[in-house]
Amino acid sequence: MIEINSNIRIYTSPKNLVNSTIYSADDIYIVIDTQLFPEDILNLKDSFEGEKCDYIINTHYHSDHCYGNPTLKSENTKTIARKNCIETLLRERNMIRSHRAISEKKLKVELPDIEFEDEYSLDDCGIRIIHSPGHSPDSSVVLLKNENVLIAGDSVLNGPGVTIPYYYWDNPYLLLDSLKRLKELEFETIVPGHGKPVKKDFLDLGISYLENSISLSEYIFSVDSDISLEDLKNEITIESVLSGITEKDLWVPKMHNLNLQRMFMLMKADL
């Protein structure tokens, strides 16, 4: 458990470094993202046992950010997430378990109590929840205006070493636009979906990676529209799109290759 200040604490899971943020101020108690594994969910619950949880906000409905909802939610707790979030969870579950497709009825997490399209505000505690797609279609960020803190979900990642933006589940163009819009907001500290908090200028690394990846991909496909995925991976190495980062950085190789799979599919579909 990390304390950002007297109002904000972060629980980070040991295994995947998933962050859950607990915000308490002015008699409002909010949990943002709720973990995946039972041990982490229970540890998170123990950290505020006895407190009434007014709201659970999910930055997106990937299982590592929402599976704790049923355990942490009490009778008076309201869950908040972006519209169509359940489709994100269904896609993830059915892709992981492609041999055994599941329906919405069999998901462990229900629809949120409050759904929004572009933005939702809790004015009494200075909170804006803003749709920021790119990592997933339903991805959102939570701006704690009174604290100068942005809870970014997986729109921003900061694992061991350097971690790049991850758009395998959605779209690099949307993620780039989202990161640029986040830079226009007023805040100092970012709580990423995974890993340690960072300062606002960390967004520049992600923007650079996405701009270079998109530009190089567009050029390669303009020259050779029949390029294979494997050749695209050989052409667009991590070093070619982001200086100072290497294939040895933890999390980077797999994430970069999955990003390129998504890029390849999008480029082929656009031909």
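## Loop residues with positive phi

Asparagine 148 is found in the loop that joins β10 (140–144) to β11 (149–153), where strands are DSSP runs of E with at least two residues and helices are DSSP runs of H or I with at least four, both numbered from the N terminus. The structure is a predicted model, in which local features need pLDDT of at least 70 and side-chain atom pairs count only at pLDDT 80 or more, while totals for chains, interfaces and linings use all residues. Residues are numbered from 1 along each chain as its sequence is written, and side-chain values use heavy atoms, with hydrogens and water left out.

Although asparagine 148 is not a glycine, its phi is positive, at about 60 degrees. With a relative accessible area of 32%, asparagine 148 is partly exposed (buried means under 20% relative accessible area, exposed over 50% and partly exposed in between, with a 1.4 Å probe and protein chains only). Aspartate 27, in the loop between β3 (19–25) and β4 (28–32), is likewise not a glycine and has a positive phi of about 65 degrees; its relative accessible area of 72% makes aspartate 27 exposed.

## Cysteines

A search of the whole structure finds 0 disulfides, a disulfide being a pair of cysteine sulfur atoms within 2.5 Å. Cysteine 53 is in no disulfide, and the nearest cysteine sulfur, that of cysteine 125, is 12 Å away. For cysteine 85, the closest cysteine sulfur belongs to cysteine 66 and is 7.8 Å away, which is too far for a bond. Cysteine 53 counts as buried at 4% relative accessibility, and cysteine 85 counts as buried at 0%.

Leucine 107 is found in the loop between α4 (85–96) and β7 (114–116) and counts as buried, with 10% relative accessibility. Leaving aside neighbours within four places in sequence, leucine 107 is in contact (heavy atoms within 4.5 Å) with Ile86, Leu89, Leu90, Arg93 and Ile102.

Lysine 233, which is found in helix α7 (residues 229–235), is also buried, with a relative accessible area of 17%. Not counting residues up to four places away in sequence, lysine 233 touches Asn257, Leu260 and Gln261.

Two packed helices are described by the angle between their axes and the distance between the axes. Here axes are lines fitted to C-alpha atoms, for helices over the stretch in contact, and angles run from 0 to 180 degrees between N-to-C directions. Helix α5 (residues 172–183) packs with α6 at an angle of about 150 degrees, with the axes 10 Å apart. That angle makes α5 roughly antiparallel to α6 (over 145 degrees; under 35 counts as roughly parallel, 65 to 115 as roughly perpendicular and the rest as oblique). The residues of this contact of α5 with α6 divide into 10 nonpolar, 1 polar and 5 charged (Ala, Val, Leu, Ile, Met, Phe, Trp, Tyr, Cys and Pro count as nonpolar, Asp, Glu, Lys and Arg as charged, and the others, Gly among them, as polar).

Helix α6 (residues 203–223) and helix α9 (residues 252–270) pack at an angle of about 45 degrees, with their axes 11 Å apart, and α6 and α9 are therefore oblique to each other. The contact is made by Tyr209, Ser213, Ile214, Ser217, Glu218 and Phe221 of α6 together with His256, Asn259, Met263, Phe264, Met267 and Lys268 of α9. These residues of the contact of α6 with α9 divide into 6 nonpolar, 4 polar and 2 charged.
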